[in-house]
Amino acid sequence: MPPLADYIWMNGEMTPWAEAKVHVMSHALHYGTSVFEGIRVYDTPDGPQGFRLTDHVRRLFDSARIYHFALPFTEDEVLDACKAIVRANGLKGAYLRPIAFLGECGMGVTPAKPQVDVTIAAFPWGAYLGDEALEKGMDACVSSWQRAAPNTVPTGAKAGGNYLSSYLIGREARVGGFGEGIGLGVDGRLSEGAGENLFIVREGRILTPSAASSILMGITRDTVLQLARDQGVEVVEQSLPREMLYLADEIFMTGTAAEITPVRSVDGIATRANGPGPVTKALNAAFRGLFTGDTPDRHGWLEPVYEG
Ligand code: PMP
């Protein structure tokens, strides 16, 4: 893979991209023992701003906490390092990928001295599900793979191993010619996309699976819920049956990489809007407006990366 940027922050050092390597015997490679984040920096009229950077770093440490990983850096140090790597690469808009993982600490599944390595990459990254999907909506499907059952692997942690489920769901969808797959929980109720949270608009209300639906509590999900409330739109977090997908006026999926991606159809059944509907468009405009200055940042979500 050609370098996407000049440097990667690696255990406190700015390391040239090509030299930021780990050993093949790293624990995380064998057992999926990593926790990570995806964060976007937007180029705004007030300079490059990390979007909810502090919240992402907090979630990284929360994920680490669930797995008893002791990071050799504080939250503040990781926050500063996220800003520093953007500056070191001279980036204006960027996607950041901090990851904390068990490195070379022996082949046992539960090493006596788990050694945690921390790296942060920052590089330019466009629309995850494609520009066309952002504009016209994407065709999704319900996956034959279900999300992890409660009390198996915690979906509330953003951990490397969880992405085996995302890989199966996303791959099945793409092999079938769909843009993304939607996972059901083991109870057969709606959960989330392979790498996105799921929203349904019906009769003017926004519905989304609740925390009890084997989801990652997405930061974009929370952003959308707050923006909708700011617009006076009713939002409901609840357990939702699969058929709500087929009765939706509008559907969209959210994630740091995917941003707000409208869904045009699920399993070949078109939403009533058959593309981005008015509620999705209004939310997208409010979301985009945060980065153009058209939406006031009343929740303090933008954090300058070239200061401090
Ligand atoms: N669910 C899963 C499984 C994800 O991988 C992601 C992307 N991080 C999300 C939801 C959305 O989370 P966020 O909005 O915080 O990026």
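1. The model is predicted.

2. The contact between them. Domain 1 puts 21 residues into the contact, and domain 2 puts in 10 residues. On the side of domain 1 that touches domain 2, at least two residues each come from β3 (34-36), β4 (39-44), α2 (53-66) and β6 (94-102). Which element gives the largest share of this side? That is α2, with five residues.

3. How do the residues of domain 1 that touch domain 2 divide into nonpolar, polar and charged? Nine are nonpolar, seven are polar and five are charged.

4. The ligand shell. There are 14 residues around the ligand. Those that come nearest are Gly218, Ile219, Thr220, Gly255 and Thr256. The largest share, three residues, belongs to α6.

5. Nine residues of the shell around the ligand are polar, three are charged and two are nonpolar. For the side of domain 1 that touches domain 2, the division was nine nonpolar, seven polar and five charged.

6. Where to look. For the domain contact, begin with α2 and its five residues on the domain 1 side, then go to β3, β4 and β6.

How values were computed
Residues numbered from 1 in each chain as written. Predicted model: local features only at pLDDT ≥ 70, side-chain atom pairs only at ≥ 80, totals over all residues. Near = placed C-beta within 6 Å. Helix = DSSP H or I, 4+ residues; strand = E, 2+ residues; numbered from the N terminus. Nonpolar A, V, L, I, M, F, W, Y, C, P; charged D, E, K, R; others polar. Contact = placed C-beta atoms within 7 Å.
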